[in-house]
Amino acid sequence: MKVVILLGPPGAGKGTIAEGLKSATDYIHVSTGDMLRAAVKAGKPVGLQARSYMEKGELVPDDVIMRIVTERLEEGTPNAHYLFDGFPRTLEQARLLDEVLSAHQGRIERVFLLEVSRQVLVDRLAGRRVCRNCGAVYHIRNIPPKIPGVCDICGGELYQRPDDTEATVLNRLEVFKKQTQSLIEYYEMKGVLARVDAGQEKEKTVAAIMQILRGGIQEA
Ligand code: AP5
């Protein structure tokens, strides 16, 4: 089992870049945010547990996250490769992931830190629109749908995520600084961290990551 991790603040483009990488690799995209939103929508117990944290922009407890991630990994074959988006998010989650990987003879191939200025992050989150039906992600100016409010892929209605309101966005950025930033040092010490400029066009960020994954250069 090989794992690639996309690490970065809310709005850095983890989901967008994961979509680009998915089509260029055989990695299975695992987004804990998407899994939690699906559980909330389906009214599953895990969704009921997670909902209040998500609405406030707080992190969902580690035990809930580890449960959904390990269940997801158990569904795959032992040789599957995974692209984690939004996980791990705390040192505890990172340590527990290490344990899961060592139990499966797995390893972390790379952790990509998506670097973007704070102003760009706020603008991206304020302009984000998501398809209610298929989950495709747009931005009203940067990556607009052909018809405003309508998904290009399935014709579904586009909506604004409830945690993309200004107050919640500011809290999510604060939570990232307090609880997730320590992972940068953790993975730097392990020698697997690569910093990538994610403030540029998404195609360029995907290309920079692919180059590192193919062993072309150490960092972009
Ligand atoms: P999650 O869904 O993971 O949210 P997040 O980390 O806050 O990240 P986002 O999804 O907001 O942003 P992104 O980096 O994926 O950016 P995107 O590609 O959409 O988590 C939501 C909540 O779930 C958390 O707050 C927490 O409560 C809970 N949770 C999830 N995982 C957890 C965990 N492991 N532990 C505990 N709790 C957890 O792009 C953003 C916008 O920018 C879009 O509009 C996009 O079109 C646009 N854009 C992207 N790239 C570009 C580009 N290159 N140029 C121009 N525009 C771009």
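Modeller: Hello! Helices (H or I, at least four residues) and strands (E, at least two) are DSSP runs numbered from the N terminus. This is a predicted model, with pLDDT of at least 70 needed for local features and 80 or more for side-chain atom pairs, while totals for chains, interfaces and linings use all residues. Residues are numbered from 1 along each chain as its sequence is written, and side-chain values use heavy atoms, without hydrogens or water.

Biologist: Thanks! At roughly what angle do the axes of α4 and α5 cross?

Modeller: Axes are lines fitted to C-alpha atoms, for helices over the stretch in contact, with angles from 0 to 180 degrees between N-to-C directions. Helix α4 covers residues 62–75 and helix α5 residues 91–103. Their axes come within 10 Å, and the crossing angle is roughly 30°.

Biologist: Are α4 and α5 roughly parallel or roughly antiparallel to each other?

Modeller: Angles under 35 degrees count as roughly parallel, over 145 as roughly antiparallel, 65 to 115 as roughly perpendicular and the rest as oblique. The α4 and α5 axes cross at roughly 30°. The pair is therefore roughly parallel.

Biologist: Which residues of α5 do D62, I65, M66, T70 and L73 in α4 meet?

Modeller: Contact means heavy atoms within 4.5 Å. The α4 residues you list have partners in α5: E92, Q93, L96, L97 and V100.

Biologist: How do the residues of that contact of α4 with α5 divide by class?

Modeller: Ala, Val, Leu, Ile, Met, Phe, Trp, Tyr, Cys and Pro count as nonpolar, Asp, Glu, Lys and Arg as charged, and the others, Gly among them, as polar. For α4 with α5, the division is 6 nonpolar, 2 polar and 2 charged.

Biologist: On to α1 and α9: which residues of α9 take part in their contact?

Modeller: The axes of α1 (residues 14–24) and α9 (residues 202–213) come within 9 Å and cross at roughly 55°, so the two helices are oblique to each other. Their crossing is right-handed. From α1 come T16, I17, G20, L21 and A24, and these meet K202, T205, V206, I209 and M210.

Biologist: And what is the class make-up of the contact of α1 with α9?

Modeller: T16, G20 and L21 are among the α1 residues in this contact, and K202 is one of those from α9. By class, the residues are 6 nonpolar, 3 polar and 1 charged.

Biologist: Which residues of α4 make the contact with α2?

Modeller: These helices pack at about 100° with axes 11 Å apart, and are therefore roughly perpendicular. On the α2 side the contact uses T32, M35 and L36, and on the α4 side I65, I68, V69 and R72.

Biologist: Now the backbone: which residue does a cis peptide bond join to F87?

Modeller: Omega of this bond is about -5°.

Biologist: Finally, what is phi of Q105 near?

Modeller: Most residues other than glycine have a negative phi. Q105, in the loop between α5 and β4 (107–115), has a positive value instead. Its phi is near 50°.

Methods
Left-handed = near helix turned anticlockwise from the far one by under 90°.
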